[in-house]
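This report describes selected helices, helix packing and charged pairs. The sequence and structure are shown first.

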Amino acid sequence: MESNGILLLVAVVLPLLGAPLVALAGRGLGRRVGWLAFAFPLISAGTLLSLAARIGLPGSEVIEWPWIPTFGIQFSFLLDGLSLFFALVVSGVGVLIFFYANFYLDDHYEHHGRFYCYLTLFMAAMLGTVLANNLMLLFVFWELTGLASFLLIGFLHHEEKSRIGARQALLITGFTGLLMLAGVIMVWLVTGTYDLAVLLGSGLPLAEHRGWLTAAMVLLLLGAFGKSAQFPLQFWLPNAMAAPTPVSAYLHSATMVKLGVFLCARIFPLFVENGLWAPLLTLVAFTTMLLGAVLALLANDLKAILAFSTVSQLGYLIGYYGLGPAHGVEYDYLHILNHVFYKGCLFMVAGIVIHAAGVQDIRQLGGLRRRMPWLAGVCLIAAATMAGVPGTTGFLSKETMLKEIFEAMNGHGALGIYATTCVVLTSLAKVAFSFRFFANVFLGEESEAVKKNFHAPPPAILAPPLILAGGALLLGLWTGPLDALMRGLAVEGLHQSAPHLALWHGPTTELFVSLAVMLLGLGVFVLGQRTAWRWAAIPRRLRFDEYFETGIEHFSKFTKWLTRFLRADKPVDYLPVIIAFTLCVVGGFMGYALWPSVRESAGAWTWDALAPHPVRSFVAALIALSVVGVLILRRWTTQLISLSVAGFLTTFYYVLYRAPDLALTQILIEVVTLFLILILLGRFPRSSELGEIIHRPSLARRRLNVVLSLGVGILMTTFILWFNAVPHPDRIGRFFTERTVELAEGRNAVNTILVDFRGFDTLGEITVLVIAMLGGLGLLMRYKRTPEEYQEGPMGPPGLGIKHSERREEP
Amino acid sequence: MNVSYLELLKLAAPETIVVLTALAALVVDLTSTRDLEARFRFIINGMIACAGCVAAIVWMLVMPAHANALEGMFVVDPLTQVVKIALLGLTLFTVLISMDSTFTEHIGEYLALILLAAVGMMFLVSAEDILMIFISLELTSLSLYILAAFNKRDVNSAEAALKYFLFGGMAAAFTLFGLSLLYGLSGATNLGQIAAALEDKGLDPLLIVAMVMIVLGFGFKVAAVPFHLWAPDAYQGAPTPSAAFIASGSKVASFFIFAKVMMIGFTGGETNGVHEIAGSAAWQQFVSGWTPVVAVVAVLSMLLGNLVAIVQSSVKRLIAYSAIAHAGYMLIGVMAHSGEAVASLVYYAVTYGLTTIGAFGVVAVVEARSKDDQLASFAGLSRRAPVVSLCMMIFMLSLAGIPPLAGFFGKFYVFAAALKTGAPNLGLLWLVILAIAMSAVSFYYYLQVLKQIYVADMPAGAEELRVPVLGQVVLGLIAVGVILLGCAPNLLVGVLQASIKAAGL
């Protein structure tokens, strides 16, 4: 246990910590740093192999350290067949890729240290993701792979293409990763654990929380679809090919994009019973598969052909889990391994070809077999594997694929038929573009471009693709190790025991279909050769990336528009915003909460209740009139006086209610305020008032103001009516009026409240007022405007002007 | 009501220490260091201020207290202590990043105001009484208005402060209106008593108004849409350290008290598992109450903050809009109104505050050289000041919520708390999905900053940026803090959960 933990740390954490060191070492070592980085995948692969031997497969083991125990988030790893299979693929391919990259990234490239740092970081993150036992840990590593992929795609960041590709990849995988996080949290809320081993052991309470868990499943699968480039998000993968070829071979065909496949396999036992699992996976994945194959047939760029065919194969791998029977799937490792063999190999071949010939358009290539016979041999095997020619793992994969798909037709009805159609059509296209890939690069006449640019690659660079192609060929002929592998790494819940693989199953339906597909595919290839592939071009309608880019562009335009539309730099704009919000929310609530009771009481309500008092109505009318005056008048002083007329008239109202002392107070306050503001206004330059008169707000704005003011009026009226309708049972005033003689020996309750009951408050208020007045006085006396300043012309619209870019220039 | 003043003084000792430090800094600056060079004055008085903060922190660590003085006027419990320590930490960093600034010669006054604002925030955190809340809110706000105006040589600073002040005054008026309505309805100023009085009243229309007004007042303090209008201008115009303090300390305190007011004051009776006054913002199960109001504000903040941040060309404005967006995420935590949610909210606010101070610190460094905070001024920074650039990268990635940095864990914690409130119904899932979608959008503008720093070419003639050692150390410390809190969130979360349990929320 203890030593297993150490081995695991060496495999996962060592490269994680080592990555920054690689970057540092790169400054001194330059290109040679690659060989230093090469140690990491070697060490990881070695330790993982020994781990696999030690835990005694097909058993499993959980290795755990505490991280955030309060949330049940542990630094916890699950070692079982599935995770070890993926981890070995990652580190094993890693060894080949690091080796290959050392020759590929020659002195034409810069920043080798940074490149290997990202690549090592990526490998560590990948290992972490596939080995994680805690779903949160899985998510953390998952996002880290996305980040590393972003950095690697954008490695040649001076090229526009790289930047766009990196951005698309990050946006899509990052965003879907976040959705996956929501799914993870939802699973946690139902089960109370992030622990995969526990979840797999006890299963999910699917019956009780059907809706909740279905939502969680969809979110998790969206994460998988984003990472594995499933329809309609498939477009980021081909654009990610802007990265240097080792990156494409490693991240975007062999490992990272398989994370979606991995996730589907991991959660397969949890969700396969869910009714939505099969249709969702099947429809999305098989559509992706067909679309990818068609696009690969139509593409002309070497790497694009491979990228689209990767998309296609990923679709198949994910759909495979969708159609899988509930008690387990059989051959998923075979399909994955097969894809790793041929696609990794073909990418490396493509990289060597591009490197040697300097072009990557397949139409400009040809006749390379004479210059690079070994490479041609390797490519032939890999292409044959992709096409599914007997004697390779591709053939085994295709035979079992067809067999299973025919079985699924019985089990899944229409879904199965759809899947079968997609698989058959895809296989056909695959045969055609496999042959094309080999024939148009290596056969035929040597093209002009090749003659001009060719420089021979170093021979050692051939080793990695040779190993992969050799694997495809050997395992294709000799199925024993494959069988043993699948049995040894089988995981309970995910797999069921499969019949032995064999090259020859006798004359079965699959064989005939396979033969027919092969022939038809050859036919398409021959047709293509005859017409010189003139029709091969990706129609604009299928360019999803362009839609995406247009979407991004429109989005940015929209945000610009929104910013301009909502900008409110002037303080005068603040109040309407706040009032509008208050009106909407309060009004909306009142309507929502009170409407029933209002409707109920509407019948009982009569005009008599409002029977107007003649004198009071008259005063109210006068107040209204003076308010209208404020609106109509233009000069500040007249507006102000009109406003205070409204205040004075209010005192009449108090008089009518027989509260002369209140009226007196009101008059006093009104006078003081009026004088104070008049004094202040007198100090403003004339120009600012003129400015306000000249730059009147637009008609729409004034209308808005009217609406808002009326709204506030209505709201306040409603409140006052409401408040008066339910008088408080225990008014505080009663206390004072009852005790004013007894305690304060005065009859005027207002006076006694001010000077007796709340004497200290009054003292405090007076003090504050005095201090404020002194401060105000100080400010007023400090600065006097010069006559010149008064005579300046209008200053422009009211408000202040911070300079910032989003402001439109005033005409 | 028997009050032992000595006891009260002991409870309020940290606040007292900070006030005394403020006065000390003021006096020392006015008397003995007046004739020194500005830099030395800043260092001497800054050290005094830092010492005060540290002393207060140490006091709280050494003398744990748990008391409720004057019926909720001043509440001290482990939770308030944690928040206060965090606030003092943020104050400390604010003081430290302002040490190299040259915008003022009134150094004593400047530091004293920072400390007084911090005192206001500390009282705010301890208040469970609406009078006390309002007074502390005003103490904080008034200090911050002046801090925003502190660069007297710069018109923009004055304008920023004026806008902040006008809007703040307006918001304070609204808040006061709401609070007085609340008092009128319940006859009490203590939050607990208010809740008890409102228990059987249900959703009175006046209560709705009071609620909306209070949300509005706090919405202004935390810069949530549509009360955010001041924020971009204030952040941009104010001296950078002041802006950092407005964006960090003030936010932590405001969010804490916002959540407290809503959770203690506005709970009310329960029917069918839904608080009558809180209501519910769950999908297709809207029940009127304050949570839908907050939900509206949160949605608007997340949308507008993130979308508008994309087009900004000034980094301070960009941070301002992203602050608005972050306020939206945090409001989701307020809506969840559970003990767990408060812990998540405090964690989020504190880590966010820390990160923002760091980001502003970097802006200050760049601003000192290039005289503006435009994105273009950051071009090629990684080659001119590698350490500072690395710190900025950590801050930006944390703000964007990239694991395993503090920002990621904050988001995760808040969203988990929100989902938990609604579980096992889909509840607040719609809000969480929106928040997640919007944080994906936010990648875009944070990366924009990093792109300038790391990818864009250096402007011709740019030379190495000489960053003072102290500045580098402070920024480095903040960056380490952000990483540490992200990798080992248990450091803070464990304390928070324990103290929330102790405080009984």
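Predicted model: local features only at pLDDT ≥ 70, side-chain atom pairs only at ≥ 80, totals over all residues.

## Helix α14 of chain A and the residue after it

Of the 26 residues of α14(A), 26 are buried, so the helix is largely enclosed by the rest of the structure.

## Helix α6 of chain A

A glycine with positive phi also follows α6(A): A:Gly192, just after the helix, has a phi of about 75°.

Within α6(A), which comprises residues 160-191, A:Glu160 and A:Arg163 lie three residues apart, about one turn of the helix. An α-helix has 3.6 residues a turn, so residues three or four places apart point the same way. A:Glu160 and A:Arg163 form a salt bridge in which the closest N and O atoms are 3.2 Å apart. A:Arg163 is partly exposed, its relative accessible area being 35%.

## Packing of α11 and α13 in chain A

Two packed helices are described by the angle between their axes and the distance between the axes. In chain A, helix α11 (residues 259-271) and helix α13 (residues 302-323) pack at an angle of about 5°, and their axes are 9 Å apart. Because angles under 35 degrees count as roughly parallel, α11(A) and α13(A) are roughly parallel to each other.

On the α11(A) side, the contact is made by A:Gly260, A:Val261, A:Cys264, A:Ala265 and A:Phe268; on the α13(A) side, by A:Leu314, A:Leu317, A:Ile318 and A:Tyr321. By class, this contact has eight nonpolar residues, one polar residue and no charged residues.

## Packing of α2 and α3 in chain B

In chain B, the axes of α2(B) and helix α3 (residues 38-62) come within 9 Å and cross at roughly 170°. The two helices are therefore roughly antiparallel to each other.

From α2(B), the residues making the contact are B:Ala13, B:Pro14, B:Ile17, B:Val18, B:Thr21, B:Ala24, B:Ala25, B:Val28 and B:Asp29; from α3(B), they are B:Arg41, B:Asn45, B:Ile48, B:Ala49, B:Gly52, B:Ala55, B:Ala56, B:Trp59 and B:Met60. The contact of α2(B) with α3(B) has 13 nonpolar, three polar and two charged residues.

## Salt bridges in chain B

Side chains of opposite charge can pair when their charged atoms come close. Over all chains, the structure holds 14 salt bridges. One of them joins B:Lys84 to B:Glu15, with the closest N and O atoms 2.7 Å apart. B:Lys84 lies in helix α4 (residues 78-98) of chain B and B:Glu15 in helix α2 (residues 13-31) of chain B, so the pair ties together parts that are 69 residues apart in sequence. B:Lys84 is buried, with a relative accessible area of 0%, and B:Glu15 is buried, with a value of 1%.

A salt bridge also connects B:Asp233 and B:Lys163, whose closest N and O atoms are 2.8 Å apart. This pair links distant parts of the chain, 70 residues apart: B:Asp233 is in helix α10 (residues 230-237) of chain B and B:Lys163 in helix α7 (residues 155-186) of chain B. Both B:Asp233 and B:Lys163 are buried. They belong to a network of salt bridges that links B:Glu159, B:Lys163, B:Asp233 and B:Arg317.

## Two further sites in chain A

A:Thr282 lies in helix α12 (residues 277-298) of chain A and is buried, with a relative accessible area of 0%. Leaving aside neighbours within four places in sequence, A:Thr282 is in contact with A:Thr287, A:Gly322, A:Leu323, A:Leu415, A:Tyr418 and A:Ala419.

A:Ala463 is found in helix α19 (residues 463-477) of chain A. This residue is partly exposed, with a relative accessible area of 30%. A:Ala463 and A:Phe99 are 364 residues apart in sequence, and their C-alpha atoms are 8.8 Å apart in space.

Note on methods. Residues numbered from 1 in each chain as written. Chains lettered and ligands numbered in written order. Heavy atoms only, no water. Axes fitted to C-alpha atoms, helices over the stretch in contact; angles between N-to-C directions. Helix = DSSP H or I, 4+ residues; strand = E, 2+ residues; numbered from the N terminus. Parallel < 35°, antiparallel > 145°, perpendicular 65-115°, else oblique. Contact = heavy atoms within 4.5 Å. Nonpolar A, V, L, I, M, F, W, Y, C, P; charged D, E, K, R; others polar. Salt bridge = Lys/Arg side-chain N within 4 Å of Asp/Glu carboxyl O. Buried < 20%, exposed > 50% of the residue type's maximum accessible area, 1.4 Å probe, protein only.
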